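Okay, thanks everyone. I'll take a few minutes on the ligand site and then a sheet.

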Amino acid sequence: MGEVVLSTSKLNRIVAIGTDAVRVQAGVPLTALDAALAAEGKYYPPAPTFMGAFVGGTIATNAAGAATFRHGVTRDWVTALRVVLASGEILEIVRGGTLASTRVPVPTYRVPAVAKCSAGYFAAPGMDLIDVFIGSEGTLGVITEATLRVVPERPALVLAFVAIDEVGAALRLVADLRRDAIPLCLSGIEHMDARCLSLLREDGVDRRAGVSLPDRARIALLMTFELPPTLTAEDAFDQIGRATDVAMAHSPLARLCRTFDSAGVFDRVEIAVPGDRARAAQLLAVREAVPAAVNARIAAAQRTIDPRISKTAADMIVPFDRLGELMALYDREFRARGLDAAIWGHISDGNLHPNVLPRSFADVESGREAILAFGRSVLRMGGSPLAEHGVGRNSIKRQLLREMYGDDGIEEMRGVKRALDPDWKLAPGVLFTPTR
Ligand SMILES: Cc1cc2nc3c(=O)[nH]c(=O)nc-3n(C[C@H](O)[C@H](O)[C@H](O)COP(=O)(O)OP(=O)(O)OC[C@H]3O[C@@H](n4cnc5c(N)ncnc54)[C@H](O)[C@@H]3O)c2cc1C
């Protein structure tokens, strides 16, 4: 499109790791950041499910992930940024400085009150300059360095996986776990619907991971718990084995087992205890295999059916109490349109990713119409049709952004863009076009 490509691969230094913060350059991949922090017993929680992302990319998209339920999104962890504007001017921004003292106009639209929102420029009365750049998708400046808060003590992770026969029962279990999240040390819950489970079976993922995905299962949940760092595998087995013992009344894993028992799923749960990295990796691989399975089928359809076939997916969030309604809406709309679709996501946040499995270009077009319809319903439910993947130049996502904030809101975003990048050099066409 006439612009240049800027590589951050040489901005690859972890500058300093402190007690509860890390100073890091933008081109450091999350895998490298995580390894360096792990070596010091520390932890950076708001990583997206994609660990191949770079620090700069996750800040530019305000990425969120499996642990957002407990820890929030990238925005909540960024305390300082070095940003290079298109003019070459370097800004050193520390959280705490308001926008009022700068040349950047504060937009007046209201950002939906949900756990995550990656939909154009952040706005709030009295907002901080740093928040303009977080989630700005490379349109306002190039992030070269960041200071991120870290958790000083890396927790002991426990993963639990269960396939459940009825969606309503799974939603009730998720609601119970959310309600008890603090004593249970719950960090987040991921879900895969029945179509995801059939894809996993087709690809033999269940056999490789050693998990049971019975045909009757309609949904599977993968739960993560962050327990005190000193918890050993033996302690974990002890809590699980003595779940009904009064002496264990307050121990998180005993409590968890009692919750599973009340939900009637105790016998089916697979658990990876602290230190059992191989089992944890297998359970995580089940969840990660879902987008891979969908993407492989889309690529095959593109190759063998129609080259115009492309990924047709949404990334929407609603307040948790509206989630059942949203799931029913997805099912109804896909069924009415005769579309094959798989849905998975971050169920504890109310954030799901419906993905069409197109068998023709007509399915792609119909899927796009469905996504716009979903977006309008999600806005009525007080949610955001753009939760964590950003907008980019995708025409449907740009339209959803317009539906969120109206033409006037988009014009206010253009005002922010003009104040920081008046020649429209950076990422032109991302989020919105230069003119109305
Ligand atoms: C398999 C997979 C799973 C994913 N799951 C999740 C998920 O669970 N949650 C989630 O939030 N996201 C998810 N994503 C999206 C992912 O978080 C983002 O793609 C990622 O954060 C972007 O990082 P990146 O380094 O790949 O950036 P890129 O894709 O290279 O860039 C993303 C955007 O950021 C801008 N950008 C990149 N670096 C900078 C910089 N230094 N300064 C300014 N702008 C910059 C780019 O211009 C672009 O607009 C997933 C992606 C994949 C591929």
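**The ligand site**

So, a backbone N or O atom of Ala64 sits 2.5 Å from a nitrogen atom of the ligand. By polar contact I mean a pair of N or O atoms within 3.5 Å; inside the protein, one has to be able to donate a hydrogen and the other to accept it, and sequence neighbours count only if both atoms are side-chain atoms. Keep in mind this is a predicted model: local features need pLDDT of at least 70, side-chain atom pairs need 80 or more, and totals for chains, interfaces and linings use all residues. Numbering runs from 1 along each chain as its sequence is written, and side-chain values use heavy atoms, leaving out hydrogens and water.

A polar backbone atom of Phe54 is 2.8 Å from a ligand oxygen, and one of Ile143 is 2.9 Å from a ligand nitrogen. On its own the ligand exposes 950 Å², and the protein buries 68% of that (Shrake-Rupley, 1.4 Å probe).

What surrounds the ligand? There are 22 residues, with Thr49 and Glu388 among the closest; near means a heavy atom within 4 Å. They split into 10 nonpolar, 10 polar and two charged, where Asp, Glu, Lys and Arg are charged, Ala, Val, Leu, Ile, Met, Phe, Trp, Tyr, Cys and Pro nonpolar, and the others, Gly included, polar. Helix 2 contributes the most, four residues. Helices are DSSP runs (H or I) of at least four residues, strands (E) of at least two, numbered from the N terminus.

Seven strands make an open, antiparallel one, ordered 9-6-8-7-11-12-10; pairing takes at least two DSSP bridges. Strands 9 and 10 are its edges. Met316 stands opposite Leu352 in strand 12.
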